Amino acid sequence: MIRLLLAEDQGMMRGALALLLGMEHDMEVVAQVGRGDEIVDAALLARPDVALLDIELPGRSGLDAAADLRTEAPDCRVLILTTFGRPGYLRRAMEAGAAGFLVKDGPVEELAESIRQVLRGETVIDPALAAAALGAGPNPLTGRERDALAAAVDGATIADIAAALHLSESTVRNYLSSAISKTGTRNRMEAVRAARRQGWL
């Protein structure tokens, strides 16, 4: 049996996925979580063969959790299953060690076959998303620029961001200014929106 972990914050969607995948003759859902910061602990406890991770989860993103799983549970293959088919997300998922990236609107039979493929060591990527990612180019933001933008999401002040990131205010201003320039926007909130649209944040 293929042992599965599901990470999805919408309870109804998680339950439906568990039910449908559990009907496959060779699959068993051994763990379900609704938060990103619960993924690694659940994986270490349940020892799944494949983890199906949503991206936008409370506590920690599925992309960050995927990178953690590569270190903490290297035998567990990761398949990102998301509503948001953004090119930047695909690139980040691959960098985090994910074996697959699918959008949620496909049939469950396709998902089940993708799970079997990643378990065989193959990489499975939604074809339309792969084409979009190739055309989009790499993420121009550095890690620190992403951190500064992420900290600015809720309208935090420069001082708040500096305190959260343990940086000086002038350094934070430089990172935000650079991010605004690279996203071709006029201010940090526009930069946040543009970076999110591309899946860079």
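Buried, in these notes, means under 20% relative accessible area, exposed means over 50%, and partly exposed is in between (1.4 Å probe, protein chains only). Helices (H or I, at least four residues) and strands (E, at least two) are DSSP runs, numbered from the N terminus.

I'm working on a predicted model, where local features need pLDDT of at least 70, side-chain atom pairs count only at pLDDT 80 or more, and totals for chains, interfaces and linings use all residues. Residues are numbered from 1 along each chain as its sequence is written, and side-chain values use heavy atoms, with hydrogens and water left out.

**Entry 1: the sheet**

I began with E1, which is mostly covered, five of its six residues being buried. I then traced the strand order of the open six-stranded sheet: E2-E1-E3-E4-E5-E6, with parallel pairing. Two strands pair here if DSSP finds at least two bridges between them. At the edges I find E2 (27-33) and E6 (124-125), each pairing on one side only.

Next I looked up the bridges. E1 and E2 run parallel and are joined by six of them; Leu-6 has Gln-32 in E2 as its bridge partner. At the other end, two bridges link E5 (residues 100-103) to E6, again parallel, and Phe-101 is partnered by Ile-125 of E6.

Helix H1 (residues 11-22) packs on this sheet, where I see it touching E1 (2-7), E2, E3 (50-53) and E4 (77-82). Its direction makes about 165 degrees with that of E2; axes are lines fitted to C-alpha atoms, for helices over the stretch in contact, and angles run from 0 to 180 degrees between N-to-C directions.

From H1 I picked out Leu-20, which is partly exposed at 38% relative accessible area.

I moved on to Asp-37, in the loop between E2 and helix H2 (39-46). Asp-37 is partly exposed, with a relative accessible area of 38%. Its side chain makes a polar contact of 2.8 Å with the side chain of Arg-35. By polar contact I mean a pair of N or O atoms within 3.5 Å; within protein, one must be able to donate a hydrogen and the other to accept it, and residues adjacent in sequence count only if both atoms are side-chain atoms.

Leaving aside neighbours within four places in sequence, I find Asp-37 in contact (heavy atoms within 4.5 Å) with Pro-58, Gly-59 and Arg-60. The C-alpha atoms of Asp-37 and Ala-65 are 7.4 Å apart, though the residues are 28 apart along the chain.

**Entry 2: helix H9**

H9 (residues 169-183) has 15 residues and reaches 21 Å from first C-alpha to last, close to the 21 Å expected at 1.5 Å times one less than its number of residues. Which residues of H9 are buried? I list Val-172, Leu-176, Ala-179, Ile-180 and Thr-183. Down the axis of H9 they fall within an arc of 100 degrees, so they line one face of the helix; the arc is that of the directions from the helix axis to the C-beta atoms.

The face turned away from that buried side carries the exposed Asn-174 and Ser-181. Cover for the buried residues includes H7 (143-151), H8 (158-165) and H10 (188-198). Just after H9, I noted a positive phi of about 65 degrees at Gly-184.

Last, I checked Glu-145 in H7: it counts as buried, at 5% relative accessibility. Its side chain joins that of Ser-178 in a polar contact of 2.6 Å. Beyond four places in sequence, its contacts include Tyr-175, Ala-179 and Lys-182.
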